[in-house]
Amino acid sequence: MFNTSLQMSLNCPSHLSVSVTRQRNVCKRRLNPVLAVPPSSVILHTDESGEFPESRNSSSSSNASLSSCAGSLLCHPNTVGIMGGGSVDSTLSFVRKLVHWSKENEETCTPFVLCSDPVLNRELLSLERNSSTLCSRNARSQFDHSPIVENLLSKRVFLEKSGAQCIVVPCHISHSWHDEVFKGCSIPSLHMAECVSRELKEAKLKPLEAGSPLRIGVLATDVTLKAGFYQEKLQNEGFEVVLPDKATIEHTVIPAIDAINRKDMEGARNLLRIALQVLLVREVNTVILASNDMCDLLPRDDPLLKKCIDPMDALVMSTIKWAQQAVKEGMQHFSTH
């Protein structure tokens, strides 16, 4: 079901399936006596133009079917809106963790609406992976981010209208414009850097040396580091932030991303190990790997990876906690009325 084709699918327990193609919209209902059960999630893909499938001309009957499907999602007080970013793989990895981890203590998974746009995917991925061409201040200032911000804003509005009660963005670079995109939003949003900073604070870490401050390293693409939101959120929680120096960025981080672009994964892996070791010798408690590409480079059993933290995991856990709290508040509200 989780594929990159141009389709909308309702991920409910074999109650309803909706498929949208370029030529026409087709709504298929499976014969099942439990059609009244609301869907647990909606996954929406836009087409190559960035438009949502239901915005195209289609028959009134198809539009009515789609409208009724979407409307049934509004009854969930814990519905999460997921805004896809530069990597479809990382978005789906977030979804898998959200589903599996939320079901560990619950009978059902957290309901969600997922919006994935191939146009936005390409723009964000290109910006992140071509950071070496944007290193100079002039190049960054001349790059027009307004189309990306407008695209993100349209996705936020769509998720609000789709019944989401909270929005998450499992994409590092998208958080560069988080405040701008979510200004005036009618529902809460979870900031990935805030989630991982709060998790580290709650872990009650101790400095590696008595009397020294708690140091947290951050390793990411140059564009994400320049945005500064990880540094800001960590400092707000009282941590000292340690970033790779200019030489490390120029000789390991940027070349590692370039190696990934060339599909030289072994070369990228070796460069990442060097960058991590440079940070670790500076007495950091842990290193935040704020890059999906970097997180996927090292094997799961790599000793260096055990000294790192993936902010995406913190976002998943914060999302689950929000959803659980939303259910409790909904039940309390229901019991008092």
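Student: So in what order do the four strands of the open sheet come?
Tutor: Keep in mind that this is a predicted model. The order is β10-β9-β11-β12, and the strands pair in parallel.

Student: Okay, and which strands stand at the edges?
Tutor: Those are β10 (240–242) and β12 (308–309). Each has a single partner strand, so one side of each has no neighbour in the sheet.

Student: What holds paired strands together in general?
Tutor: Strands in a sheet pair through backbone hydrogen bonds, parallel or antiparallel.

Student: How many bridges join β9 to β10?
Tutor: Three, with β9 covering residues 215–219. Take Gly217: its bridge partner in β10 is Val242.

Student: Switching to side chains. Which residue forms a salt bridge with Arg215?
Tutor: Glu240, and their closest N and O atoms are 3.0 Å apart. Arg215 sits in strand β9 and Glu240 in strand β10, so the pair ties together parts that are 25 residues apart in sequence.

Student: Are those two buried or exposed?
Tutor: Arg215 is buried, at 16% relative accessible area. Glu240 is partly exposed, at 34%.

Student: And which residues make up the salt-bridge network here?
Tutor: Arg215, Glu240 and Glu283 are linked in it.

Student: How many salt bridges are there in the whole structure?
Tutor: A search finds ten. One of them joins the side chains of Lys97 and Asp313, at 2.5 Å from N to O. That pair links distant parts of the chain, 216 residues apart: Lys97 is in helix α2 (residues 88–102) and Asp313 in helix α13 (residues 311–335).

Student: New topic: where is Asn292?
Tutor: Asn292 is in helix α12, which spans residues 292–297.

Student: Why does Asn292 count as buried?
Tutor: Because its relative accessibility is 14%, and buried means under 20%.

Student: What does Asn292 touch, beyond its neighbours within four places in sequence?
Tutor: Asn292 is in contact with Ser87, Ser90, His172 and Met312. With Ser90 there's also a side-chain polar contact of 3.3 Å.

Technical notes. Residues numbered from 1 in each chain as written. Predicted model: local features only at pLDDT ≥ 70, side-chain atom pairs only at ≥ 80, totals over all residues. Heavy atoms only, no water. Pairing = 2+ DSSP bridges. Helix = DSSP H or I, 4+ residues; strand = E, 2+ residues; numbered from the N terminus. Buried < 20%, exposed > 50% of the residue type's maximum accessible area, 1.4 Å probe, protein only. Polar contact = N/O pair within 3.5 Å; in protein donor to acceptor, adjacent residues only side chain to side chain. Contact = heavy atoms within 4.5 Å. Salt bridge = Lys/Arg side-chain N within 4 Å of Asp/Glu carboxyl O.
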